[in-house]
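Hi everyone, thanks for coming.

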Amino acid sequence: MRNTDSWRPLLDAIGWAELRLGRHCVSLLLLCSGEDGWSMHVQAEMRAIEGYPVVLPCTFSHPQHSQHSSLQVLWRLGRGQGSSVLYRCTTRPGTPACEPGPGQDQRYRLEGNPREHDLSLRISGAALQDSGRYYCRVEVEGQEHISFEDKMGTRLRVEAPPKILSVSVEGSEASGYRALCRVQGSPLPDVQWLGPDRLLQGSQLAPGVPLTQGAAAHYHSVSLLQDVEPGQQYTCSASNPLGKDQAALYVLAPRAPPPLPAGGGASAPLLLLLLSLSLGAKVILLVGIWVWMLQRGALSAAGCWRK
């Protein structure tokens, strides 16, 4: 057998402790040790279902840690310039709770007790946008250089059953019609089209198709069905290991334009002219009757005056 002493520094740095395989969960417990006696335990990977809470484990130890020191706990999503601080809290001497800072998002809260070296973070109602790599950090306030952060981080994978966002038809009678089915899910759903009497072959649009902005764009896709016939019903079916969703689409036949009267478009000005003449004749007739009545009234008045 080989001497394992040469592997000891690597095992202390990486600290492979546990590997569990399951249908929906693969977890790897990592031990990250520092030269000054710090050690931190995190899960290499966690999986969650959309809409359900998830806890990201993180524990630490330090031989010089004092129960009377103030501790600051910090959780970040990502590293470098693109990282964002999701949670920050501070424990004061004599207080058991870790008080979060002002404006803290209520979706995040500390599940563990920093006084017991537990920094585990709870995320309520996990969303697809929560997927990413998380890093926990602890600092002993009032003393320089007493802080530690795991370097590996915990990768969170949020999974979601398929959801059909929309189905639509585009095109024209001249160019032909095509159907679009926009879906969401993680893992990305497999999309199939069902025609009136058979399974149809659709195609996935290129990744550059604009669907949404931000991290959610990684969990959306569009399936395209060519040569859609008016007057038929089509069904978009999306599935992944978490479930299935369907939506039906009925393609209406285009309406034929109303037939034009004899003579085509030239009859429209003639019709307007006839209507104008008819209306003018009625106006002239009404004016003539009014003048005749006025004249007759004047003659009657004159006859009465002579008497």
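Let's start with what a pocket is. On a 1 Å grid over the protein atoms alone, a cavity is a set of points where a 1.4 Å probe fits but cannot get out, while a pocket is an open set with protein on both sides within 12 Å along at least five of seven lines; lining residues have an atom within 4 Å of a point. Grid points are joined across faces, edges and corners, and the volume is the space filled by probe spheres set on the points.

Before I use that, a word on where the values come from. This is a predicted model, so local features need pLDDT of at least 70 and side-chain atom pairs count only at pLDDT 80 or more, whereas totals for chains, interfaces and linings use all residues. Residues are numbered from 1 along each chain as its sequence is written, and side-chain values use heavy atoms, with hydrogens and water left out.

Now, the second largest pocket has a volume of about 150 Å³. Which residues line the second largest pocket? They are P196, R198, L200, L225, Q226, D227, E229, Q232 and Y234. Strand β19 (residues 220–228) gives the largest share of that lining, three residues. Strands here are DSSP runs of E, at least two residues, and helices are runs of H or I, at least four residues, numbered from the N terminus. Sorted by class, the lining has four nonpolar, two polar and three charged residues. In that count, Ala, Val, Leu, Ile, Met, Phe, Trp, Tyr, Cys and Pro are nonpolar, Asp, Glu, Lys and Arg are charged, and the others, Gly among them, are polar.

Next, a sheet. Strands of a sheet pair through backbone hydrogen bonds, either parallel or antiparallel. Two strands count as paired if DSSP finds at least two bridges between them. Here, an open sheet of three strands runs in the order β5-β11-β10, with antiparallel pairing. Its edge strands, β5 (54–56) and β10 (108–110), each pair on one side only. β10 pairs with β11 (residues 121–123) over three bridges, in the antiparallel sense, and L110 stands opposite L121 in β11.

On to charges. Side chains of opposite charge can pair when their charged atoms come close. We call it a salt bridge when a side-chain nitrogen of Lys or Arg is within 4 Å of a carboxyl oxygen of Asp or Glu. How many does a search of the whole structure find? It finds nine salt bridges.

One of them joins E159 and R47, at 3.8 Å, N to O. This pair links distant parts of the chain, with E159 in strand β14 (residues 154–172) and R47 in strand β4 (residues 45–49), 112 residues apart. E159 and R47 also belong to a network of salt bridges with E45 and R157.

E159 is buried because its relative accessible area is 13%, while R47, at 31%, is partly exposed.

Another salt bridge joins R76 and E149, at 2.3 Å, N to O. R76 sits in strand β7 (residues 71–77) and E149 in strand β13 (residues 147–149), 73 residues apart. R76 is buried at 13%, and E149 is buried at 7%.

Key: Buried means under 20% relative accessible area, exposed over 50%, partly exposed in between (1.4 Å probe, protein chains only).
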